[in-house]
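Hi everyone, thanks for coming.

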Amino acid sequence: MTINEIQDEVIEEFSDFTDWMDKYQLLIDLGNEQQPLDPKYKTESNLIDGCQSRVWLQADYKDGKIVFTAESDALIVKGIIALLIRVLSGHTPQEILDADLYFIDKIGLKDHLSPTRSNGLLAMIKQMRMYALAFKAKYE
């Protein structure tokens with residue numbers, strides 16, 4: 001699936017709910033469904049700067065695509081990073097760099113996050129794009 005097809009799927013899932021408490025619950029569920037990050041990746045260098053809670057992001061380059069894994073110590077943040085991984089993981093560096101992450105606005109995520117969480121969301125996206133840039137420079 002393309003990044004946009006996955007984003008459309010996410011938008012559809014969130015459109016089933018009108019109440020933001022239900023959407024937060026969906027985020028928490030997504031975070032809880034995520035595989036725990038291997039403890040060896042919970043390092044200082046994998047912590048994302050700019051997040052209020054602790055978020056570890058690991059990126060691996062496999063067969064021309066980037067595979068992201070992550071974990072957070074905050075439930076909603078864990079759900080947000082799970083969503084970003086779902087949308088961006090398994091794509092080429094160029095696809096990630098070219099992606100317009102419109103699902104964030106379409107599901108109303110930015111409007112319902114505190115300013116610190118919004119900054120954290122931007123920091124997560126920035127870090128994922130930095131990995132894409134690094135892998136592109138190294139392998140393409």
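This is a predicted model: local features need pLDDT of at least 70, side-chain atom pairs count only at pLDDT 80 or more; totals for chains, interfaces and linings use all residues.

Is Asp111 buried or exposed? It has a relative accessible area of 65%, and the cut-off for exposed is over 50%, so Asp111 is exposed. Now look for Ile96, which is 15 residues from Asp111 along the chain. The C-alpha atoms of these two residues are separated by 24 Å.

Now let's step back to the whole chain. There are six helices and two strands in the protein chain. If you read along the sequence, the pattern is α-α-β-β-α-α-α-α.

What about the overall dimensions? The C-alpha atoms fill a box of roughly 45 × 30 × 25 Å along the principal axes. For 140 residues, a compact globule would have a radius of gyration near 14 Å, and the protein chain has 14 Å, so the two agree. Of those 140 residues, 48% count as buried. The accessible surface comes to about 7,600 Å², and 50% of that belongs to carbon and sulfur atoms. Contacts are worth a mention too: taking those between residues at least 6 apart in sequence, 64% join residues at least 24 apart.

On to the strands. In which sense do β1 and β2 pair? Strand β1 (residues 55-62) and strand β2 (residues 65-72) pair in the antiparallel sense, over eight bridges. Together they form a hairpin with two residues between them. In that turn, Asp63 has a positive phi of about 50°.

One more stop, in the loop between α2 (20-33) and β1, where we find Thr43. Thr43 has 29% relative accessibility; since that falls between the 20% and 50% cut-offs, it counts as partly exposed.

Finally, a word on charge. How many positive and negative side chains does the protein chain have? There are 15 positive and 23 negative side chains, and the centres of the two sets lie 7 Å apart.

Key
Residues are numbered from 1 along each chain as its sequence is written. Side-chain values use heavy atoms; hydrogens and water are left out. Helices (H or I, at least four residues) and strands (E, at least two) are DSSP runs, numbered from the N terminus. The radius of gyration is taken over C-alpha atoms; the globule rule is 2.2 Å times the number of residues to the power 0.38. Buried means under 20% relative accessible area, exposed over 50%, partly exposed in between (1.4 Å probe, protein chains only). Contact means heavy atoms within 4.5 Å. Accessible areas come from the Shrake-Rupley method with a 1.4 Å probe; for residues, only the protein chains shown count as cover. Lys and Arg count as positive and Asp and Glu as negative; His and the chain ends are not counted. The place of a charge is taken as NZ of Lys, CZ of Arg, CG of Asp or CD of Glu. Two strands pair if DSSP finds at least two bridges between them.
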